Amino acid sequence: MKIVMAFGSFDLLHKGHIYYLNESKKYGDKLIVVVARDSNIIRFKGKSPLHNEINRVKQLKKLSIADKVILGNKGNIFEILTKIKPDVICLGYDQKPIDKEIKKELKIRNINAKIVRINSYKPKIYKSSKLKSKSK
């Protein structure tokens, strides 16, 4: 069974996220979606998400795209790789970290996973930062 992992904040769930998850699912048999912790979003983006991590997980589960939706680790965001050992890691076109950093973390954990960048879906319309600024 080929395990695919997709990551994200999924704060303002939109059609771009749905596209990203549906495309990610095509790369394997089981899609596991890892939702960023509130504390990690604050650490990396410098601001709190609009919706807390529990609500974001619930919203993703309601979509019924992923086979499993879980919260990421607090602190070391790469530790979840050791637990799941994915075959494929799907990331959005604009997601950080860079592929080089992920490859380094995979090597440290002795995991041979393919990294796939999913193309954008109408980024001039469906991009979280743009949608958040419109809602203010």
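These are my notebook entries on a predicted model of one chain.

**Ground rules.** I number residues from 1 along each chain as its sequence is written, and side-chain values use heavy atoms, with hydrogens and water left out. Since the model is predicted, local features need pLDDT of at least 70 and side-chain atom pairs count only at pLDDT 80 or more, while totals for chains, interfaces and linings use all residues.

**Overview.** I looked up the secondary structure and got 6 helices and 5 strands; helices (H or I, at least four residues) and strands (E, at least two) are DSSP runs, numbered from the N terminus. The order along the sequence is β-α-β-α-α-β-α-β-α-β-α. I then checked burial: 42% of the 136 residues count as buried (under 20% relative accessible area; exposed is over 50%, partly exposed in between; 1.4 Å probe, protein chains only).

**Sheet.** The 5 strands form an open sheet in the order S3-S2-S1-S4-S5, with parallel pairing (two strands pair if DSSP finds at least two bridges between them). S3 (68-71) and S5 are the edge strands with a single partner each, so one side of each has no neighbour in the sheet. Neighbouring strands are turned by 25° against each other on average, direction ignored. I also looked at S4 and S5, which run parallel and are joined by 5 bridges; Val 88 has Lys 114 in S5 as its bridge partner.

**Helices on the sheet.** H1 (15-25) lies across S1 (3-8), S2 (30-35), S4 and S5, at about 165° to S1. H3 (53-63) lies across S2 and S3, at about 170° to S3. Axes here are lines fitted to C-alpha atoms, for helices over the stretch in contact, with angles from 0 to 180 degrees between N-to-C directions; contact means heavy atoms within 4.5 Å.

**H5.** Which residues of H5 (99-108) are buried? I found Ile 102, Glu 105 and Leu 106. The face turned away carries exposed Lys 100, Lys 103, Lys 104, Lys 107 and Ile 108. Just after H5, Asn 110 takes a positive phi of about 55°.

**Ser 120.** I placed Ser 120 in the loop between S5 and H6 (128-135). Ser 120 is partly exposed, at 29% relative accessible area. Beyond its neighbours within four places in sequence, Ser 120 contacts Tyr 19 and Tyr 93. Its C-alpha atom is separated by 8.3 Å from that of Asp 94, 26 residues apart along the chain.
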